[in-house]
Amino acid sequence: MDILVCIKQVPDTKDIKLDPETNTLKREGVESIVNPFDMYAVETALMLKDEWGGTVRAVTMGPPQAEQALREVVSYGVDEVALFSDRAFAGADTWATAYTLAKGIRKLGDFDLIICGKQAVDGDTAQVGPGLAQQLDLPFITFVRRIVKIELDSRTMVVERLMDDGYDVVETSLPALLTVVKEINELRVPSLKGKMKAKKIDIPIYSAADLEVDPDSVGLTGSYTQVIEVFAPKPRGNRIILEGETEEQVEKLLNGLTKDKVLSVKID
Amino acid sequence: MCLFIDPDLCTACEACVESCPFGAITLVDDLAQADETCNLCGACEDVCPVQAITIEKKTGAPAADGYEGVWIFAEHRQGKLAQVAFELLGEGRRLADQLGVALGAVLFGHDVKEEADQLFAYGADTVYLADDPALAGFTDDMYGVLLAKMINEHQPEIVLCGATSIGRSFIPKVATILGTGLTADCTGLGIRSSDRLLLQTRPAFGGNIMATIVCPAGRPQMATVRTRVFRRGPYQEGRKGELVEIDVARKNIVSRTRLLEVVTDLSEKVNLAEADVLVAGGRGLGEEKNFDLLRELADLLNAGVGASRGAVDAGWISYAHQVGQTGKTVSPKLYIACGISGAVQHQVGMQSSDVIVAINKDPNAPIFDVANYGLVGDLFDIVPLMIKRIKTARS
Amino acid sequence: MDYFLTEEQKMIQDLARQVAEEKVLPLRAELDENEEFSREIIKHFADADLLGLGIPEEYGGMGMGVFEQILATEQVARVCCGTAVTFGSGGLGAMPIIYYGSKEQKQKYLPDVASGKKLTAFALTESTAGSDASGIQTTAVRDGDEYVLNGTKQWITNAAEAEIYCVVAITDRSKGPRGSSIFVVEKGDSGFEFGKKEKKMGIRTSTTGELIFNDCRIPADRLISREGMGFIIAMKALDLSRPGVGILGVGLSQGAMEVAIEFAQTRIQFGRPIIAQQAVQHILADMATNIEAGRALIYAITKYIDSGAKNISKVSAMAKLFPTDMAMQITTNAVQILGGHGYMREYPVEKMMRDSKILQIFEGTNQIQRNVIGQELNKQFSSRKNKG
């Protein structure tokens, strides 16, 4: 099976905060990581490769430093990588991102399966996967939590996709695109040989011209949505600790909750 | 490159440097310069006192021509309208009234016609009903292509859908087919009076920042909306509207995926997004069987049971219950966190709850930072006492 | 401290730390509580290419030196000493084959060791032969194309879990220390059984048990090197592995100190974090100083060993002695800093304290190490005197 994984380099969101004074992102000390959900996509691809053979390729769209993210997945066992990078791609929304990825992936050739993480933790949109599938005219299944079976002869696979109230068992024809949730597997560790390879591997960079994109469809120009304002969320900032012995605390709590109308208990 | 800084106009006042939310602008030789981290958000353009900064934005024809009306997708699953459908009707009604246009509700399913009355009663002027065996279960191809065709035909200016597993899956496909913008997971909507654009506000970076987004050129303007963010509108008995029935078979849609089975987790409520009350447990529970204590409280409160990543990783409860960055985002009326320390990754999944109760024996646990009621103590003392007090109060 | 590691060495260090934190840390308390050995964890180390660090590249390993191996072991011990013992004793068990095995033996066993498919164990100790290895009772008698082994080995790390055992047995009692030999015994060989599994004070995430040879028949080609080399090979293997025990003390101490510092920074008593108390600061200062000294000693000695040094008995004894005595003290003090919390199993330092005790005992007690150092000093200085 030839599998392609789409990854994204993101800032480690737990460190990201907006400075309420200046309304700017505090960036100092914020590390770049591979989007955690994408690592599950990589693991899924590697497990399928272990079982079925073939190759695993990873691509990303991003600034030149995004090659670090690609090197990281190589250390886990990804065979080949490619970086789609051009100033013209900057400011892309999910539509323009999916368009650019689709152009790049078409350049790289055919794949049996494309796997993405369910969403990126910086944007949290979960839109690029389905959008990419549509751009490539592929069937897709989102939020996959388990691969039930693959039949290469009939070119079909069956998966479980997580729903809000349980899960659906869905069959798709191949090639297809999946987005995966964390539940699907447990990450392996990188290998020393992989790390050595990652250090040396030559990462091909594809520019807008290489991908033959329509200049009006990439980056900010190609984006339908525009961010007009960013601001810090209202802090909750109450931090009220109830005083007293356990009994007293519980009384205060239940009285408070009743007053807040979130609990219908009559406390005398 | 789409960000231009005019060297003849720039006075090196640094207003743009301070305004940049991404820290992408620096002064080099007394001239402002943007580096690769610039994502062209435009914050600097607004603050520049000498208009030295311009950003080339997608202009395109104002696509609003001919597009009119607000649509909501009334999600229906397993014989039941999703809660978010009513919330969307409430919010959609408000937006439609502000714009002076009609509110349409789209209903997909099989044998679901009688649900249309409810949609009218909660504010829909028109219900677009696609009732067909092929829509009995959810598949992205059927739902996506059908909705895209309907939108092309009727041309609403706004389409809203719940940010549910279903909405977050097929709506991006619809937006891609139509070639328009889509904003995910909105928590606030409004209309900009100057140009009737839909203002879509959503959290990003794990909830650490909020962003307001518009879609000036693409139509319709599409957004998915988080469950439990908006209030459902008033129920108006006997309210009627126009029912438009769609002939699904004539649309000739072929699905490349096939729904084989729907498995509902009946063991307990896992639809955390819809629960009014959530009782969640973390590492502090110590072991799997102690979740029974939380289940007892949850049953009393008709609540769902959530969990921290720690508890899920320990194998005490399934992933479907996980709240937080790598799990689900919830915003119930009441969230009771028991033995959860409240790492940032957990907080982003629950901090928009109306009321948060934190029970933890460590007074320094970060969960208390977001709590409306913090109880420092042993959850094995506190929770049983709560159960007892609620039971006596009710009897 | 920057030890000017090469990029490759940093990679090994980072990787070992990552595996330890991602795969060992979450299971540490549970495995310790249940006295459970996890084969799965070992598999992760193998998948990371860390199990074959010291195995030559032609046999599927990474062909690294002792220094690189202890860099990795240190990171594992920082998180869980018991796991690091398993990780390290796999290395000790393979050493006789790596250094003295025939080409055929290497080809047969080493690739599976490097890939983690097979675990190794080193079997020397018996009930009558602890510090005094000459008390070995296990015998191997040649019978045609076979050797027949009889006897019992005790306190063997990886017993029953390993597939490959390097066993020291007497082939000719009349020759004293020169009458012992080393054999490879495989799990499943006829007459080879496992006795009781020990219940231990510490390093409970590793497994320790008894090997029983009851007319155990093995092909003659399982003999490593030649008859009579047993003691020499065993001593060489132990010389090479003692810095590996020392590094367990360094890693363990580092882990304990980190827990102690974090606790001292957050624990408020008398209105301020206890790290503001000089009494606490001084303990931490001594910890940090000793750890750095122990680390520097081992790094220097292992580099010396890797340079091809011949007589390493004294330095390798030092590399075991200092850091392991230090670890006992540091882990005890870490428990002290955490106070009542430290004594509870909720915090990891009591485990670290239990784990550290064995380091002063196994692979030659620290008293034996002092003997070795003392004897070597005597030899060294008397030869100088003679020369002078």
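This is a predicted model: local features need pLDDT of at least 70, side-chain atom pairs count only at pLDDT 80 or more; totals for chains, interfaces and linings use all residues.
Four salt bridges are counted between domain 1 and domain 3 of chain C, a salt bridge being a side-chain nitrogen of Lys or Arg within 4 Å of a carboxyl oxygen of Asp or Glu. One salt bridge in chain C pairs C:E258 with C:R78, with the closest N and O atoms 2.8 Å apart. Helices α1 (7-34), α3 (66-79) and α4 (81-100) of chain C each supply at least two residues of the side of domain 1 that touches domain 3; helices (H or I, at least four residues) and strands (E, at least two) are DSSP runs, numbered from the N terminus. That side of domain 1 has 14 nonpolar, four polar and six charged residues. In this grouping Ala, Val, Leu, Ile, Met, Phe, Trp, Tyr, Cys and Pro count as nonpolar, Asp, Glu, Lys and Arg as charged, and the others, Gly among them, as polar.

Residues are numbered from 1 along each chain as its sequence is written, chains are lettered from A and ligands numbered from 1 in the order in which they are written, and side-chain values use heavy atoms, leaving out hydrogens and water.

The domain assignment divides chain C into domain 1 (7-118), domain 2 (121-228) and domain 3 (231-379), the bounds coming from an automatic or database domain assignment. The centres of domains 1 and 3 of chain C, taken over C-alpha atoms, are 20 Å apart. In contact (heavy atoms within 4.5 Å) are 24 residues of domain 1 and 33 residues of domain 3 of chain C. These two domains bury about 2,300 Å² between them, 69% of it given by carbon and sulfur atoms; buried area is the accessible area (1.4 Å probe) that two parts lose on being put together, summed over both. For chain B, the assignment gives domain 1 (3-55), domain 2 (70-251) and domain 3 (272-394), and the centres of domains 1 and 3 of chain B, over C-alpha atoms, lie 45 Å apart.

Turning to chains A and B, their contact takes 95 residues from chain A and 110 residues from chain B. About 9,100 Å² is buried between these chains, 56% of it on carbon and sulfur atoms. Six salt bridges are counted between chain B and chain A, and A:D165 and B:R77 meet through their side chains in a salt bridge (3.2 Å, N to O).

Strands also join the two chains. Strand β14 (residues 226-231) of chain A runs antiparallel to strand β14 (residues 209-214) of chain B, with five bridges between them; A:Q226 has B:V214 as its bridge partner. An open sheet of 10 strands with mixed pairing has the order β13(A)-β7(A)-β6(A)-β1(A)-β8(A)-β12(A)-β9(A)-β10(A)-β11(A)-β17(B), where strands pair if DSSP finds at least two bridges between them. At its edges stand β13 (205-206) of chain A and β17 (257-264) of chain B, each with a single partner strand, so one side of each is left without a neighbour in the sheet. Within this sheet, β10(A) and strand β11 (residues 166-173) of chain A are antiparallel and joined by eight bridges, with A:M163 opposite A:G166.

Over all chains, the structure holds 65 salt bridges. In chain A, the side chains of A:E160 and A:R146 meet in a salt bridge (3.0 Å, N to O). This pair links distant parts of the chain, 14 residues apart, with A:E160 in strand β10 (residues 156-163) and A:R146 in strand β9 (residues 140-151).
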